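Here's a quick briefing to read with the model open beside you. Have a look at the sequence and the fold, then work through the notes below.

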Amino acid sequence: MTVMETTPAPSKADVCASGPTAHPRPDGQDHYTISEVVAFTGLTAHTLRWYERIGLMPHIDRSHTGQRRYSNHDLDWLAFVGKLRLTGMPVAHMVRYAELVRVGEDTFEERRELLESTRRDVLSRIAELQDTLSVLDLKIDFYAGARRASERA
């Protein structure tokens, strides 16, 4: 079954699909054009359409004229996808996660495993960056010490 063939809506109880609102949204508004979503998220319209085409975004509602209408839930999902992108999670894994969300609660274990694997990768990258930061600090301290020594001479 492909992503586009799955039809169940995401579970409203999926805490992973929501999170803190990254951008202020007008009170009571729950329908946004693609240009408004571009302004809220910083993503391009091309990226939003690509996310929809590959199945990373759930089915996006359309107006009577065929214009995409994003909801607050869609914006929350995009914020979560943005966090997944920052982790370095491959797009294929993000699409798989989206498929699992659409299937429903029976996939909690597989979703957890995907997120735990990504978490391990992030921790490994953090350790590498900490090591790199230590090397930079040593070099900065060396140059600061060399400058003080030359100023004393």
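Which residues of the largest nonpolar core touch the most other members? They are Val37, Tyr51, Leu56, Met57, Tyr70, Trp77 and Leu78, out of 24 residues in that core. Keep in mind that this is a predicted model.

**Overall layout**

- The protein has five helices and two strands.
- Reading from the N terminus, the order of the elements is α-α-β-β-α-α-α.
- Of the 153 residues in the protein, 31% are buried.
- Take the contacts between residues at least 6 apart in sequence: 58% of them join residues at least 24 apart.

**The core and Met57**

- Met57, one of the residues touching the most other core members, sits in the loop between helix 2 and strand 1 (61-62).
- Is Met57 buried or exposed? Its relative accessibility is 3%, so Met57 counts as buried.
- Setting aside neighbours within four places in sequence, Met57 is in contact with Tyr51, Glu52, Tyr70, Asp74, Trp77, Leu78 and Arg102.
- Take Leu78 from that list: Met57 and Leu78 are 21 residues apart in sequence, and their C-alpha atoms are 7.9 Å apart in space.

- Asp74 belongs to helix 3.
- Its relative accessible area is 6%, so Asp74 is buried.
- Not counting residues up to four places away in sequence, Asp74 touches Met57, Pro58, Ile60 and Arg69.

**How helix 1 meets helix 2**

- Helix 1 (residues 34-41) packs against helix 2 (residues 45-54) at an angle of about 105°, and the two axes are 9 Å apart.
- Angles of 65 to 115 degrees count as roughly perpendicular, and helix 1 and helix 2 are therefore roughly perpendicular to each other.
- On the helix 1 side, the contact is made by Ile34, Val37 and Val38; helix 2 brings Ala45, Leu48 and Arg49.
- Sorted by class, this contact has five nonpolar residues, no polar ones and one charged residue.

**Salt bridges**

- How many salt bridges does the structure hold? There are six.
- Arg68 pairs with Glu52 in a salt bridge, with the closest N and O atoms 2.6 Å apart.
- That pair links distant parts of the chain, since Arg68 is in strand 2 (residues 68-69) and Glu52 in helix 2, 16 residues apart.
- Both partners, Arg68 and Glu52, are buried.
- Arg62 joins the picture too: Glu52, Arg62 and Arg68 are linked in a network of salt bridges.
- Glu110 and Arg96 form a salt bridge, and their closest N and O atoms are 2.9 Å apart.
- Glu110 lies in helix 5 (residues 108-152) and Arg96 in helix 4, so this pair ties together parts that are 14 residues apart in sequence.
- Glu110 is partly exposed, with a relative accessible area of 33%, and Arg96 counts as partly exposed at 34% relative accessibility.
- Arg112 and Glu109 meet through their side chains in a salt bridge, at 2.1 Å from N to O.
- Both Arg112 and Glu109 lie in helix 5, three residues apart, which is about one turn of the helix.
- Why does Arg112 count as partly exposed? Buried means under 20% relative accessible area and exposed means over 50%; Arg112 has 36%, so Arg112 is partly exposed.
- Glu109 has a relative accessible area of 42%, so Glu109 is partly exposed as well.

- Thr107 is in the loop between helix 4 and helix 5.
- With a relative accessible area of 9%, Thr107 is buried.
- Thr107 touches Leu100 and Val101, leaving out residues up to four places away in sequence.
- Thr107 and Tyr97 are 10 residues apart along the chain, and 9.3 Å separates their C-alpha atoms.

Terms used: Residues are numbered from 1 along each chain as its sequence is written. This is a predicted model: local features need pLDDT of at least 70, side-chain atom pairs count only at pLDDT 80 or more; totals for chains, interfaces and linings use all residues. Side-chain values use heavy atoms; hydrogens and water are left out. Axes are lines fitted to C-alpha atoms, for helices over the stretch in contact, and angles run from 0 to 180 degrees between N-to-C directions. Helices (H or I, at least four residues) and strands (E, at least two) are DSSP runs, numbered from the N terminus. Angles under 35 degrees count as roughly parallel, over 145 as roughly antiparallel, 65 to 115 as roughly perpendicular and the rest as oblique. Contact means heavy atoms within 4.5 Å. Ala, Val, Leu, Ile, Met, Phe, Trp, Tyr, Cys and Pro count as nonpolar, Asp, Glu, Lys and Arg as charged, and the others, Gly among them, as polar. A nonpolar core is a set of buried Ala, Val, Leu, Ile, Met, Phe, Trp, Tyr and Cys residues joined through side-chain atoms within 4.5 Å. Buried means under 20% relative accessible area, exposed over 50%, partly exposed in between (1.4 Å probe, protein chains only). A salt bridge is a side-chain nitrogen of Lys or Arg within 4 Å of a carboxyl oxygen of Asp or Glu.
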